[in-house]
Amino acid sequence: MTRLSRQALDRLPNAVKGPNYDPARVTVGIVHLGIGAFHRAHQAAFTDAVLADDPSWGICGVSLRSPDTRDALQPQDGLYTLAVVDGEGSQLQVIGSVVELLCAPEDPEAVLSRMADPATRIVSLTITEKGYCHNPATGALDENHPDIVHDLANPRQARSAIGFIVEALARRAASGVEPFTLLTCDNLPSNGHVLKRVVTRFAELRDPALAALAGTVASPSTMVDRIVPATTDADRSRIAVALGLEDAWPVMTEPFRQWVIEDNFPLGRPAWEKAGALFADDVSVFEMMKLRLLNGSHSTLAYLGYLAGAETVAEAMALPGMEALIEGLMREEVTPTLPPLPGIDLAAYRAELLDRFRNPALRHRTWQIAMDGSQKLPQRLLGTIRDRMKAGAGYDRLALGVAAWMRYARGLDEAGRAIDVRDPHAARITGLAQGIGEPDGIVAALLTMTDVFGPDLSTSEPFRLALVKALTRLLEDGAAATVRSYAP
Ligand code: CS2
């Protein structure tokens, strides 16, 4: 079968949309760190939609770890298929906005010179929560993080996104080029501030003059939303048949997409609003809504669903009681903690979320969402719990989500089989909770993780009691029965 490439674009079936511009004329204006499936289904698709207006905003996609994406996409000129799927069927589109691919560990110098190039005006990021090398509870740079220690000692051989950014900013300054705009697209509250804070601190540790420079960089906050499960081999085969061409790495996603961005781009930006992005003065309220309602529900669904034997989110949603549990969590426990959101109908937003979670065509694995819980819990569930405590209100379902993480992260499923727990602190969590069978022992051991729970929740007696109660049910009755007790 012929491989997807620029040359093969005229062979696309009529039903498959291709770029409405000539990809060969596109030049790099954005360097994206962390070129995974999410970026390709979200920012790269928004950018693809506006390149016809200005082809100087092409994307150089950088992998910070493995060469896989570069190896898959380079032979096809960066082109890939975006498959938008739901119960009704699928819609395919070939995206052409990624025009260069680099693998950082193989050639850090190539990445640094691309970032330092005056044509690069935006450096965007999807490096996941752990990529920020910060303390999730406080947001401060973890100065003992092995990558940070390494990058401070070897600035030209950076490993972390932060190390690359600061070295590239230094090179731009040295040659009189204005700083690029930093555009974080990760699921962290006030993500622009979090990024700026770790970048400035890292710069300060390198050289105080660099810290002053880092302090001037624009780092708008963004809220990003689109559900993008990992691509499977079955997806690859199906896409090849529909396309009539081989695509080594198509991306699967849902119809819904949302992008809210603070409009602070000193060197300009693509006209993303023409593709449906919303520019707002204050993104934090949108972030809070999304992180607490969508991602908080997602993590709860993932831990409880996995433990109850559900492989995908849609299967987890179909467990008796689950929909009522998630609906109640969102409406009764999360919504009252949200600030006023002008122009947003929260009841409709929640109903749409339940619908998105039910999407039968997505096959979003609970195991995938369960990853990196130590980095996700603070902004997804713990902040909400803090607000509920302050208001003297209940948070049983949120506590059940956290207890399910504890049950999961211990590393043994309900049949006693090992769980492949992926978390930067996996070994530490196992070390803390191993060999303890009693719920209060497990809770006490894991609550010592102040970098996750903060000093306040780590020592809160009501919080501890709520977790012990929920974990006791999970250990005695199992996840499926616990969820079933929420059925109306
Ligand atoms: C998910 C998110 O993997 C996860 O933790 O909760 O990736 C989620 O699908 C996106 O934030 C949706 O916008």
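Analyst: Residues 29-274 are 34% helix and 21% strand. Helices (H or I, at least four residues) and strands (E, at least two) are DSSP runs, numbered from the N terminus. The model is predicted: local features need pLDDT of at least 70, side-chain atom pairs count only at pLDDT 80 or more, and totals for chains, interfaces and linings use all residues. Residue numbers start from 1 along each chain as its sequence is written.

An unreviewed UniProt entry annotates residues 29-274 as "domain: Mannitol dehydrogenase N-terminal". UniProt positions follow the numbering used here, feature names are shortened, and annotations may be inferred rather than shown by experiment.

Now strand β3, residues 80-86. Six of its seven residues are buried, so β3 is largely enclosed by the rest of the structure. Buried means 20 or more other C-beta atoms within 10 Å of the residue's own; 12 or fewer is exposed, in between is partly exposed, and C-beta atoms are placed from the backbone.

β3 has pairings with two strands to follow; two strands pair if DSSP finds at least two bridges between them. Seven bridges link β3 to β4 (residues 89-95), and the two run antiparallel. They form a hairpin with two residues between them. Within this pairing, T81 has V94 of β4 as its bridge partner. Three bridges link β3 to β9 (residues 251-253), this time in parallel. There, V84 stands opposite T253.

P75 sits in it, between α3 (68-73) and β3. P75 counts as partly exposed because it has 13 C-beta neighbours inside 10 Å.

C133 is not a glycine, yet its phi is positive, about 45 degrees. Its loop runs between β6 (122-125) and α5 (146-153). C133 has 24 C-beta neighbours inside 10 Å, so it counts as buried. S190, also not a glycine, has a positive phi of about 50 degrees. S190 lies between β7 (181-184) and α7 (191-206). With 17 C-beta neighbours inside 10 Å, S190 counts as partly exposed.

Next, the domain boundary. The protein is divided into domain 1 (9-281) and domain 2 (284-485), with bounds from an automatic or database domain assignment. Their C-alpha centres lie 28 Å apart. In all, 25 residues of domain 1 are in contact with 29 of domain 2. Contact means C-beta atoms, placed from the backbone, within 7 Å. On the domain 1 side, β3 and β8 (222-225) are the elements that give two or more residues.

Finally, the ligand. Both domains give residues to its shell, so the ligand lies between them. The surrounding residues include N187, D225, R226 and I227. Among the others are L294, N295, H298 and K376. α10 (284-307) supplies three residues, the largest share.

Key
A residue is near a molecule or strand if its C-beta atom, placed from the backbone, lies within 6 Å of it. Two residues are in contact if their C-beta atoms, placed from the backbone, lie within 7 Å.
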